[in-house]
Structures are given as structure tokens and as C-alpha cells.
Amino acid sequence: MNLHEFQAKELFRAHAVGVPDGVVARSPGQALAATRQLGGERWVVKAQVHAGGRGKAGGVVACDDPAQVRAEAARLLGSRLQTAQTGADGLPVDAVLVEAPTAIARELYLGLLVDRAAERIAIMASTSGGMDIEAVAARDPSALVLVHVDPVVGLMPWQGRRIGFALGLDKPQRAALQQMLQGLYRLFVDSDASLVEINPLVVTAEGGLLALDAKVNLDANALYRQPALEALRDSGQEDPRELAAAAHQLNYISLDGNIGCMVNGAGLAMATMDLVKLHGGAPANFLDVGGGTTAERVAEAFKLVLSDPKVCAVLVNIFGGIVRCDLIAEGIIRAVRDVRIDVPLVVRLQGTKAAEGRALLADSGLELQTAGSLSEAADKVVAAAAGAGASTGSA
């Protein structure tokens with residue numbers, strides 16, 4: 001679960017991490033009032049969306065007078081901001097953050113994340129702040145300093161000093177960084193975060209450290225013990241299909257291809273998408289219907305997959321372990337009749353009573369193809385999607 005910048009900065013303040021003074025506004029009038037509250041002669045208006053690259057997309061604007069603040073807030077609020085991370089549809093802007101400007105001497109990068117290979121929280125830092133950190137790491141890995149925190153002893157002072165020296169900070173700044181890192185580490189652990197990022201972390205003209213931006217991602221599997229943080233969720237920033245899937249205990253992620261995939265089990269779903277790609281196709285989604293597959297869940301899954309207008313064909317790949325394949329086949333037949341699928345459908349059943357399940361599908365009278373292996377299923381669905389796409393294009 002992602003937080004907005006203003007929400008992340010509230011958490012930063014609560015953990016003694018310095019951030020610029022700012023006020024959240026949900027109307028042009030509130031944005032204007034924020035200039036009076038903050039004082040000064042210049043302000044920055046920042047669109048609040050769950051995506052980076054806002055500045056390049058016109059979502060972060062420096063303003064020289066209150067009237068401009070109001071005008072920029074009016075332009076952004078109610079719009080959809082499209083950045084390199086949002087896709088063509090963009091994300092809705094329901095709030096802006098009006099901040100006092102910061103005199104910047106240097107821009108740095110600082111981030112905490114879970115390193116699953118090391119089974120540790122990793123702290124990454126770089127002197128290349130304000131840039132795409134992935135591009136920095138790919139271009140010059142030596143530009144990143146990486147420190148792993150032992151969960152038993154926690155963050156040690158020498159680790160903060162190592163990062164401070166790597167960033168070229170002086171002695172007072174290294175002390176300030178040490179305090180900031182302690183606060184960020186506590187925030188990460190206490191909030192069950194998966195990512196805490198400051199990009200850029202700035203050295204101000206006065207020599208202090210300030211989190212100019214803030215990004216916090218939370219582990220969705222731990223939200224049951226974080227009710228206060230879960231209440232901060234902004235569902236308007238999330239894919240409607242993914243929200244609908246969660247309501248039916250389905251795991252759904254939208255992708256860019258045209259082949260809908262309905263699978264039970266995350267590992268099998270990943271293998272299915274890999275095979276589709278290997279055979280020349282492009283998955284339109286990741287959809288895991290789970291182990292307790294039922295006719296109702298299959299029907300909802302079909303609705304989700306078909307709600308994507310890009311889908312030209314659907315592949316159902318079910319392994320019958322806990323649930324028998326003949327029961328799964330009956331559920332598929334009922335679901336297909338109820339949902340009325342208008343695109344080619346390929347079904348692969350494997351596991352307990354797979355032969356009986358395939359026989360039920362063959363005798364159903366429905367226009368679908370069956371496959372005995374995953375490779376055969378991938379071949380058939382890729383060919384079906386290509387044919388359907390060609391037909392649509394010629395129409």
C-alpha cells in the first residue's frame with residue numbers, strides 16, 4: 001500500500017525527520033489560505049499522486065505570488081496527472097501540497113528497503129539525488145553505498161558514519177544524518193514498511209538536512225496490525241480492477257499485453273506468463289484465483305479479465321490439487337455461460353481427475369479449446385489472440 005507524499009511527511013515529522021513546512025489543500029481556496037499560513041513570498045504547489053516524475057509532468061510548480069498558487073491548484077485539482085510511472089490514463093489529483101521553498105546546496109538520495117536475498121533491511125544512499133536511482137545504479141553501481149542492518153542489533157552508529165562519509169557530509173551533517181537514519185529505521189520497522197525513500201534528501205544553503213520529497217510503501221500483508229495506517233489508503237489511486245479483485249479474495253495485477261491469464265497459485269501464474277511470453281504472446285494480467293477455486297470465484301475472475309478492453313484471448317490454467325478438476329470444469333462451464341465470453345478461450349486442467357474435467361469441457365458445447373500441457377496451452381492461446389487481433393484490426 002502506497003502513501004501520498006504529505007502522509008509520508010507526517011510520519012517523518014513524527015520520527016524527527018526534517019521536512020519543509022507545508023499545508024495540504026483540496027480546493028483552490030484552501031491553497032490560497034495555505035500561502036497565508038506558511039508566510040513568505042514564494043511557494044511550491046505539488047500534486048499528490050502515487051507516482052514519481054511529477055515535476056516533468058507539470059505536477060510540481062514554483063509560484064511567485066498567492067494568485068499563481070490558487071491558479072495552479074485550480075489547474076491540478078480534479079485533473080488526471082500523467083507521468084512516466086502512471087500510464088496513459090494518469091492518476092486523479094484530489095489534493096495538492098503547498099510548501100515553503102527550500103534553498104538547496106546539494107541533492108542526495110536516501111532509501112530503506114527489504115533486501116530479501118540478504119534477509120535484512122538495506123539502506124541505500126547516493127550523491128546523485130533527484131535522479132532515477134535505478135538509472136544511477138545501472139550506469140554507475142559505485143555511485144551507491146549499501147549498508148545492511150542486522151535485525152538483532154539494529155542500526156549501528158558506525159553505519160551512519162559510513163554513509164555520511166560516502167555522501168561527503170561534514171561532521172555536524174553526519175551527526176544530523178545519524179539522527180535522521182535512526183528515525184527512518186524506527187519508522188520502517190514500526191510501520192511494517194517495504195520502502196522508505198527520500199529523493200532528494202537536500203543539504204540546505206544553511207548546511208542542514210531536509211527531506212524534500214518522501215515516499216513510503218507499506219507491506220499490504222501486515223496492514224491487519226496497522227489500522228491507523230490502513231485508514232490512510234487512497235483507493236482512488238489504485239486500479240479499479242485490482243480493488244474489485246481484492247473484494248473477492250482474488251489477486252489481480254494489470255499488465256500491458258492482450259492475453260488474459262486465469263491461474264490458481266502465484267507460482268503457476270508466473271510460470272504461465274513466462275510460457276506465454278516464450279511462445280510470442282503478451283499477458284494482459286496476473287490473476288491468481290487461489291487454492292479454493294469455486295464457480296462464483298471463477299465467474300468474478302472472468303469478469304475482471306474481460307473488463308480489460310485489450311484482452312483478445314483468455315487462458316485458464318488450473319492445477320487441481322485440493323479441488324478436483326471435474327468440479328473446476330463444472331465451475332468454468334457455469335461461469336462461461338453466465339459471463340458470455342466473446343473472445344477465444346483456452347483451458348488447461350491438470351491434477352486430480354483432470355481427464356474427467358477435460359471430458360466435461362469437451363461435451364459442454366462451449367466454444368473453447370483444451371490443452372494437455374502448458375506449452376500446448378500457450379501455443380493455442382497465442383495463436384488465438386493473434387487471430388482475434390487480426391480480425392479486430394481488419395474490422
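Visitor: What makes α2 and α3 a packed pair, and at what angle do helix α2 and helix α3 pack?

Guide: In this predicted model, helix α2 (residues 28-38) packs against helix α3 (residues 66-76) at an angle of about 150°, and their axes are 8 Å apart. The residues that meet are P28, G29, A31, L32 and T35 in α2 and P66, V69, R70, A73 and A74 in α3. By class, the residues of this contact divide into seven nonpolar, two polar and one charged.

Visitor: Why are α2 and α3 called roughly antiparallel to each other?

Guide: Angles over 145 degrees count as roughly antiparallel, and the angle here is about 150°, so α2 and α3 are roughly antiparallel to each other. Their crossing is right-handed.

Visitor: Why is α5 called oblique to α6?

Guide: Helix α5 (residues 157-166) and helix α6 (residues 171-190) pack at an angle of about 125°, with their axes 9 Å apart. Roughly perpendicular covers 65 to 115 degrees and roughly antiparallel begins over 145, while the rest, apart from angles under 35, count as oblique; α5 is therefore oblique to α6. The crossing in which α5 passes α6 is right-handed. On the α5 side the contact involves P157, G160, R161, I163, G164 and F165, which meet R174, L177, Q178 and L181 in α6. These residues divide into five nonpolar, three polar and two charged.

Visitor: What makes α11 roughly parallel to α12?

Guide: The axes of helix α11 (residues 325-339) and helix α12 (residues 354-362) cross at roughly 20° and come within 7 Å. Angles under 35 degrees count as roughly parallel, and therefore α11 is described as roughly parallel to α12. The contact is made by C325, D326, A329, E330, I332 and I333 of α11, together with A354, E356, G357, L360 and L361 of α12. Sorted by class, this contact of α11 with α12 has seven nonpolar, one polar and three charged residues, and the crossing is right-handed.

Visitor: How do you know which strands stand at the edges of the sheet?

Guide: The open sheet has four strands in the order β1-β6-β2-β3, with antiparallel pairing. Within that sheet β1 (22-25) and β3 (60-63) each have a single partner strand, so one side of each is left without a neighbour, and these two stand at the edges. From one strand to the next the twist averages 20°.

Visitor: What is the sense of the peptide bond from N199 to P200, and where does P200 lie?

Guide: The bond from N199 to P200 is cis, with omega near 15°, and P200 lies in strand β10 (residues 193-204). Most residues other than glycine have a negative phi, and most peptide bonds are trans. A16, in the loop between α1 and β1, has phi near 60°, a positive value in a residue other than glycine.

Note on methods: Residues numbered from 1 in each chain as written. Predicted model: local features only at pLDDT ≥ 70, side-chain atom pairs only at ≥ 80, totals over all residues. Heavy atoms only, no water. Axes fitted to C-alpha atoms, helices over the stretch in contact; angles between N-to-C directions. Left-handed = near helix turned anticlockwise from the far one by under 90°. Contact = heavy atoms within 4.5 Å. Nonpolar A, V, L, I, M, F, W, Y, C, P; charged D, E, K, R; others polar. Pairing = 2+ DSSP bridges.
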